[in-house]
Every structure is written in C-alpha cells, then in structure tokens.
Amino acid sequence: MAMADTVLYEVSDGLATITLNRPEAMNALNIATKVALREAAESAAGDTAVRAILLTAAGDRAFCVGQDLKEHIGLLAADRETGAGQTMNTVKEHYNPIVKALAGASKPVVAAVNGVAAGAGFGFALAADYRLVADTAAFNTSFAGVALTADSGISWTLPRVIGPGRAADLLLFPRSISAQDALELGIANRVVPAAELRAEAEKTARALAEGPTVAYAAIKEAVAYGLTHSLAETLEKEDELQTRAGRSEDHAIAVQAFVNKEKPKYLGR
C-alpha cells in the first residue's frame, strides 16, 4: 500500500516498513511527503497487527535531508504576500505527530539510515529506538545553518542520546558527522557496510517483530518514563509494567520454552 508515491508503506508478518521515496530529491520533505509520512507512522503505531516498525529511505545518497527548501522558499514568499504565516505550521501539523507516533509507538522502531540524515531527517532517526547506519551515511543538525532552531524532537532526543554538552555543540555548530563518529557518540547503534544495510535492518526489525512485543513495549515505556521521573517513581512504574508483562501470554510461552529447552514462538500478547 502506498500512502503517496513519496512514501511507501508495507506490512508483512507483523513488520511495517515505511520508506521515504524521493531519492531524486535526497528524500527532502515537501508537504505531500510529510503528510504521507505522518499517515504511515500513525497507521503503523496504531495497527495491533504491526509488532515492529522499520523506517528507511530509497536510494543510497540520503536518508532524509529535512525540509524541502525549494518548496519552503516559495511558501515563505507566499506568506509574505498574504501575511498568513502558514509556513512554520509544519512543525505542529507534520513533524510533531510523526515524532510522537514513532517515539510513542508501543512497539520497537528501527531506523535504517542509508545516507545523509539532516535536520528533521536526523530528528526522525532519533525518534526510533534502534539505529542501523550505513558506513557511508552522515548526520547533520542543519537548523542553525538556515537560521532556525531545533525541531522534530531533536531538542529532547539528542541531549538524551549524547548528553546536553555535545548536543549544544552539534546544534550551534552544524556539521557533517560521519557514521563512525555517530557510532562513537551513541547516535548509531550499529554501523554496517552500505550494501548490507537493507538486509541487516530487515533481519533486525523482523527479529523484533517476532519477539516478545508486550515486553518490548514495556521496556520502551519504562525507559521514556525513567528519563523524566525520580527513582522512587520509576521503581513504581517498573512494578506496574513488570506485572503487566508477567501476565502476558508471551511470558508464559517463554517460561515453558525455557523449561522444555525450546525456542519460544511469541504471539505478541
């Protein structure tokens, strides 16, 4: 199923694959692409048949270079003529719902970063739980380079991934960060040869889709909660989430499989 030809969406065996599909424009985000990506991300997050999400992009030059500046220039000019001020609504209308859908999904999200991830493209990669990165890829915050501030969740995600000092450095002095540097900083979870990225990402995402997805959802919720709450509150949340996980069919399946020395076949419930 295609939301629009700029974003491809496919669900197979519990894995939703979302592919940015404007390789000729380095997967830049024009309005049609942002709307389609928002719809795909919200569909994948809300579909109970989907147990993991893979976010990737077509071509080998770019994952996503962020806002389509060619379209943006035209919209800014129209805003100046009409005084409507519609151009910057894209943060509220598109970027925020996309990031909320990916980061808030009760299932693991894998980003396969196949090339340059800049601006909102970097933000979308950071909204994923796990980032597999091609050795030819690079990251750039970009925002200050066009006299803008951080959006697409970067002011929340980047300091949590690499620390506030390093995040300030990358935001104030936008520059290209290589895949290897991204690995050392913790932005990339794994770096793989570009030719192997798609196969490795699919293997990783499928393993998660076949795993104990109730437990994965709880892990994701616990980590997000712990980042903004006290230890005492987080311990209570762990108790609540562990009780839920302990009552799942998957936990019963796992324990039985362990006793029987078998590989568990999880149901995701």
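This is a predicted model: local features need pLDDT of at least 70, side-chain atom pairs count only at pLDDT 80 or more; totals for chains, interfaces and linings use all residues.
**View 1. Helix α4 passes helix α5 in a left-handed crossing.** Residues are numbered from 1 along each chain as its sequence is written, and side-chain values use heavy atoms, with hydrogens and water left out. Helix α5 covers residues 154-162, and its axis comes within 9 Å of the α4 axis, crossing at roughly 60°. (Axes are lines fitted to C-alpha atoms, for helices over the stretch in contact, with angles from 0 to 180 degrees between N-to-C directions.) That angle makes α4 oblique to α5; under 35 degrees would be roughly parallel, over 145 roughly antiparallel, 65 to 115 roughly perpendicular, and the rest is oblique. On the α4 side, look for F122, G123 and L126, which meet I154, T157, L158 and V161 of α5. Contact here means heavy atoms within 4.5 Å. Helices (H or I, at least four residues) and strands (E, at least two) are DSSP runs, numbered from the N terminus.

**View 2. Helices α3 and α4 cross with right-handed geometry.** Helix α3 spans residues 90-104, and its axis comes within 8 Å of that of α4 at a crossing angle of roughly 25°. With that angle, α3 is roughly parallel to α4. From α3, the contact is made by Y95, I98, V99, L102 and A103. Their partners on α4 are A120, F124 and A127.

View 3. To explore the surroundings of I18, set aside its neighbours within four places in sequence: the contacts of I18 then include V7, L8, Y9, L37 and I53. Also among the contacts of I18 are A40, A41 and A44, along with L54, L55 and T56.

**View 4. I53 sits in strand β4, residues 52-57.** Is I53 buried or exposed? With a relative accessibility of 1%, I53 counts as buried; buried means under 20% relative accessible area, exposed over 50%, and partly exposed in between, using a 1.4 Å probe and protein chains only. Now find K107, which is 54 residues away from I53 along the chain, with 7.4 Å between the two C-alpha atoms. Beyond neighbours within four places in sequence, I53 is in contact with L15, A16, I18, A44 and A45, and also with A105, K107, P108, V109 and V110.

**View 5. D129 and K220 form a salt bridge, 2.9 Å from N to O.** Side chains of opposite charge can pair when their charged atoms come close. A salt bridge is a side-chain nitrogen of Lys or Arg within 4 Å of a carboxyl oxygen of Asp or Glu, and a search of the whole structure finds eleven of them. The D129–K220 pair links distant parts of the chain, 91 residues apart: D129 is in the loop between α4 (120-127) and β8 (130-134), while K220 is in helix α9 (residues 213-226). D129 is partly exposed at 35% relative accessibility, whereas K220 is buried at 13%.

**View 6. A network of salt bridges links E221, K237, E240 and R244.** Start with E221 and K237, whose side chains meet at 3.3 Å, N to O. E221 lies in helix α9 and K237 in helix α10 (residues 231-246), so this pair ties together parts 16 residues apart in sequence. E221 also meets R244 in a salt bridge of 3.5 Å, N to O. What is the relative accessible area of K237? It is 13%, so K237 is buried. E221, at 30%, is partly exposed, and R244, at 38%, is partly exposed.

**View 7. T213 belongs to helix α9.** The relative accessible area of T213 is 7%, so T213 is buried. Not counting residues up to four places away in sequence, T213 touches R51, L208, D250 and G268.

Key:
A crossing is left-handed if the near helix is turned anticlockwise from the far one by less than a right angle, and right-handed if clockwise.
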